[in-house]
Every structure is written in C-alpha cells, then in structure tokens.
Amino acid sequence: MPFLNVEHLKKEKGKREWVDFASDLPPLPADGDYIKLAKPAKFNLVLTNIGDAIAVEGQLDVDLVVVCSRCLDSFVLTMSPVFMDTYYDRAKNAGGSREEDWIPYSGDSIDITPEAINTILVNLPLRFICDDGCRGLCSLCGTNLNKSKCNCEKEEIDPRMAKLKELVTAQEPGGRSQESE
Ligand SMILES: [Zn+2]
Ligand SMILES: [Zn+2]
C-alpha cells in the first residue's frame, strides 16, 4: 500500500520532497463491483511542509481492468488523475488551526491508500468504451461486431417495416438498443 515517509519533512517548515514510486492498491469499489489494477499504480508526488500540515500534490498513473459498456469485453483503461490532499499530525494539531478537508495522520508515515482510491474513483469516466470505433454487440443476436459479423446486420429492411422493428427492439429485455448510437 502507498505510504509516505515524513519523518524528516515534518520537522522543517517549508521543506519540500519529491517522491516517485509504484504501489499496489486494493480493488476499487465501483457500481457494486470491483475494479482491479492491471499493475501497481505509479505515484509522482511533491510533499511540502506548510507549517501546520503536509501538502501532497502530484499525479497517479494507473492501468485499470474494466469492461466496455458497448461490447462487454474487458480492456485496460489508462488514467493519470491529479492527486491533491493535505495531512495534519493528529498529535500536534489536535485542537489547532486546520482546514475542514485536511486528513489526520499519526507517527512518521502517512497511508494515502484511501485518498489514492478516491482520486481514481472521482476521475472515472461515466462509461467505459474500449475504443471510439467499438461497434458493440448486435442488438438482435448479441454478436460482438468487433470480432465477427452476423446475418441480422446484412438484412435489408423495408422502410415500412423499419418502424415496427424499432419498436420491437426497444422492447427487447435488457434494452441494448439504448446503448447503440
Ligand atoms: Zn468495446
Ligand atoms: Zn445480429
């Protein structure tokens, strides 16, 4: 899990440190499911002693294993969200001045796992699409159109029948027709 050692940093106001490391993260809870990382997350952070607290800023690089909402295939989504959180020493600053969103830590190291997870979650796209050109699944037979063609696709539709077909497709259980664009 990602830990920041602040043993020296916390003693000197104004001091700054750059850290660069890779660390595992637990699977991320999302939509009642869990998203796994394809490999350890990379952290590229600047730690600054701002007097009452340690400000941590920088970037995460993560490869997430997600499922395309068009074709339902798994793929790796690469993200580089910005990390920005401030931590105060619980022992020193119990009743002192601090901002509402500062996070307490104890001792000489800060476990940034919860904030790292949150940083990724708030930056997730609304929908995962494996590729802009993803053709998705056939709304009639379910064939993955990225991999093969199906007969329904080739079917010529009588314009008078098209309207009827639209109605039938819209009522199909699972409502896949709403996914197509
Ligand atoms: Zn896809
Ligand atoms: Zn089909």
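L72 lies in the loop between β6 and β7, where helices (H or I, at least four residues) and strands (E, at least two) are DSSP runs numbered from the N terminus. The structure is a predicted model, in which local features need pLDDT of at least 70 and side-chain atom pairs count only at pLDDT 80 or more, whereas totals for chains, interfaces and linings use all residues. Residues are numbered from 1 along each chain as its sequence is written, chains are lettered from A and ligands numbered from 1 in the order in which they are written, and side-chain values use heavy atoms, with hydrogens and water left out.

L72 has a positive phi of about 65° although it is not a glycine. Most residues other than glycine have a negative phi. The hairpin of β6 and β7, to which this phi value belongs, has six residues between its strands. L72 is exposed because its relative accessible area is 52% (buried is under 20%, exposed over 50% and partly exposed in between, with a 1.4 Å probe and protein chains only). A second residue of this kind is D31, which also has a positive phi, of about 50°, without being a glycine. D31 is located in the loop between β3 and β4, and its relative accessible area of 83% is the reason why D31 counts as exposed.

The chain as a whole contains three helices and 10 strands. From the N terminus on, the order of these elements is β-β-β-β-β-β-β-β-β-β-α-α-α. Of the 181 residues in the chain, 36% are buried. Among contacts (heavy atoms within 4.5 Å) between residues at least 6 apart in sequence, 58% join residues at least 24 apart.

The strands β6 and β7 pair in the antiparallel sense over six bridges; pairing requires that DSSP finds at least two bridges between two strands. Within this pair, V62 stands opposite M79 in β7.

L64 is placed in strand β6 (residues 54-67) and is buried because its relative accessible area is 0%. Leaving aside residues up to four places away in sequence, the contacts of L64 include L28, I35, L37, F75, L77, M79 and I120. K39 is 25 residues from L64 along the chain, and the C-alpha atoms of the two are separated by 8.1 Å. With the same exclusion of residues up to four places away, I120 touches L25, L28, L60, V62, L64, M79 and P81.

The model also holds zinc ions. The zinc ion (ligand 1) is coordinated by C68 (SG), C71 (SG), C130 (SG) and C134 (SG), at 2.3 to 2.4 Å. Donors are N, O and S atoms within 2.8 Å of the metal (3.2 Å for Na, K and Ca); water is not among the atoms, so sites may look incomplete. The four donor atoms around ligand 1 subtend angles of 104 to 114°, and the arrangement is therefore tetrahedral (for four donors, all angles lie between 85 and 135 degrees). In sequence, the donor residues of ligand 1 are spaced C-x2-C-x58-C-x3-C. C68 counts as buried because its relative accessibility is 0%, and C71 counts as buried because its value is 5%.

C150 counts as buried because its relative accessibility is 6%, whereas C141, at 42%, counts as partly exposed.

Technical notes:
Tetrahedral: all angles 85-135°; square planar, octahedral: opposite > 155°, others 65-115°.
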